[in-house]
Amino acid sequence: MATHKSAIKRAKQSEARRQRNRAIRTRVRTAVKKVRTALDKKSVDEAQAALQEAIPVIDQAASKGTLHHRNAARKISRLSKQVHALSAEQQ
């Protein structure tokens, strides 16, 4: 365990960041799961609505540094592609 002042502060900061990153990651996973669930149900409207909610959550995770910006872009791209394919399939 940290014994001097700067190490104690660093440990507190690390713990705070860990908790924040964990919460953000959980929000991202939940948002992505909602989109995938809607895709499994073959519900175009629900999938599009869930995607519109998921995109800002993923972007926020990237801006906070929890996700790498390219990882976030890849997630958004893949989800968008799946939702678009479903809507094209329904028509």
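Me: In which helix is N71 found?
Reply: This is a predicted model, in which local features need pLDDT of at least 70, side-chain atom pairs count only at pLDDT 80 or more, and totals for chains, interfaces and linings use all residues. Residues are numbered from 1 along each chain as its sequence is written, and side-chain values use heavy atoms, with hydrogens and water left out. With helices taken as DSSP runs of H or I of at least four residues, numbered from the N terminus, N71 is found in helix α3.

Me: What does N71 count as at 23% relative accessibility?
Reply: Buried means under 20% relative accessible area and exposed means over 50%, with partly exposed in between (1.4 Å probe, protein chains only). At 23%, N71 therefore counts as partly exposed.

Me: What is the relative accessible area of S87?
Reply: S87 also has its place in helix α3. Leaving aside neighbours within four places in sequence, S87 is in contact (heavy atoms within 4.5 Å) with V44 and Q48. S87 is buried because its relative accessible area is 14%.

Me: How are α1 and α3 oriented to each other?
Reply: The axes, which are lines fitted to C-alpha atoms over the stretch in contact, with angles running from 0 to 180 degrees between N-to-C directions, come within 10 Å for α1 (residues 5–40) and α3 (residues 69–90) and cross at roughly 20 degrees. Angles under 35 degrees count as roughly parallel, over 145 as roughly antiparallel, 65 to 115 as roughly perpendicular and the rest as oblique. Helices α1 and α3 are therefore roughly parallel.

Me: Which residues in α3 meet α1?
Reply: On the α1 side, the contact is formed by V28, V32, V35, R36 and L39. Their partners in α3 are K75, L79, Q82, V83 and L86.

Me: How are α1 and α2 oriented to each other?
Reply: Their axes are 9 Å apart, and the two helices pack at an angle of about 160 degrees. Helices α1 and α2 are therefore roughly antiparallel.
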